[in-house]
Amino acid sequence: MTTVKINVNGKRHVHEVEDRTLLVNFLRDTLGLTGTHIGCDTSQCGACTVNVNGRAVKSCTMLAVQAQGAKVLTIEAMARKGKLHPIQQAFTECHGLQCGFCTPGMIMATAGLLEDNPDPSDDEIIHGLEGNLCRCTGYVNIVRAVKRAAELQRGAQ
């Protein structure tokens with residue numbers, strides 16, 4: 001067992017974990033943050049994407065002990081005081097979701113993408129989200145949602 005100290009959604013957490021505990025399991029099972037989904041168990045789908053120190057990371061590919069001292073942001077912290085984050089608003093406005101299973105990972109991947117590139121082209125969006133799979137949509141509305149999120153974020157700054 002190892003003691004991990006991780007800042008998750010602005011709150012410091014200190015917990016004992018088995019060395020083999022994946023970050024996704026730590027978030028879901030230890031902290032009860034079930035918005036981070038487990039989809040494929042093979043790092044293919046991106047449903048478990050969170051931001052670690054500002055970078056989009058598939059949390060099924062990272063051990064909790066590797067996140068020692070990190071700042072982790074999950075979907076639960078995106079909305080503030082009952083107001084949707086601009087990315088969430090854009091996904092809603094542009095119908096960038098259907099069943100919603102992949103949506104938390106898509107939103108977190110989009111946050112990472114827009115952090116690096118606040119005005120991405122369609123090709124840059126497609127490349128930036130290529131590690132996140134959606135089984136319900138044709139991705140057209142997801143690309144529109146990312147473009148709209150970029151507009152909303154630029155307008156808010």
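This is a predicted model: local features need pLDDT of at least 70, side-chain atom pairs count only at pLDDT 80 or more; totals for chains, interfaces and linings use all residues.
**Overall fold and two local details**

Of the 157 residues in the chain, 44% count as buried.

As for the secondary structure, the chain holds 5 helices and 5 strands. Walking along the sequence, they come in the pattern β-β-α-β-β-β-α-α-α-α. The radius of gyration is 15 Å, close to the 15 Å given by the globule rule for 157 residues, so the chain is as compact as a globular protein of that length. Its C-alpha trace spans about 45 × 30 × 25 Å along the principal axes.

The accessible surface of the chain comes to about 8400 Å², and carbon and sulfur atoms make up 49% of that. On the charge side, there are 16 positive and 15 negative side chains, with the centres of the two sets lying 7 Å apart.

Zooming in, strand 3 (residues 49-52) pairs with strand 4 (residues 55-58) in the antiparallel sense, over 4 bridges. Within this pairing, N51 stands opposite A56 in strand 4. The hairpin made by strand 3 and strand 4 has 2 residues between the strands, and N53 takes a positive phi there, near 50°.

T103 counts as buried because its relative accessibility is 8%, and the cut-off for buried is under 20%. Leaving aside residues up to four places away in sequence, T103 touches F91 and L97.

Conventions
Residues are numbered from 1 along each chain as its sequence is written. Side-chain values use heavy atoms; hydrogens and water are left out. Buried means under 20% relative accessible area, exposed over 50%, partly exposed in between (1.4 Å probe, protein chains only). Contact means heavy atoms within 4.5 Å. Two strands pair if DSSP finds at least two bridges between them. The radius of gyration is taken over C-alpha atoms; the globule rule is 2.2 Å times the number of residues to the power 0.38. Accessible areas come from the Shrake-Rupley method with a 1.4 Å probe; for residues, only the protein chains shown count as cover. Lys and Arg count as positive and Asp and Glu as negative; His and the chain ends are not counted. The place of a charge is taken as NZ of Lys, CZ of Arg, CG of Asp or CD of Glu.
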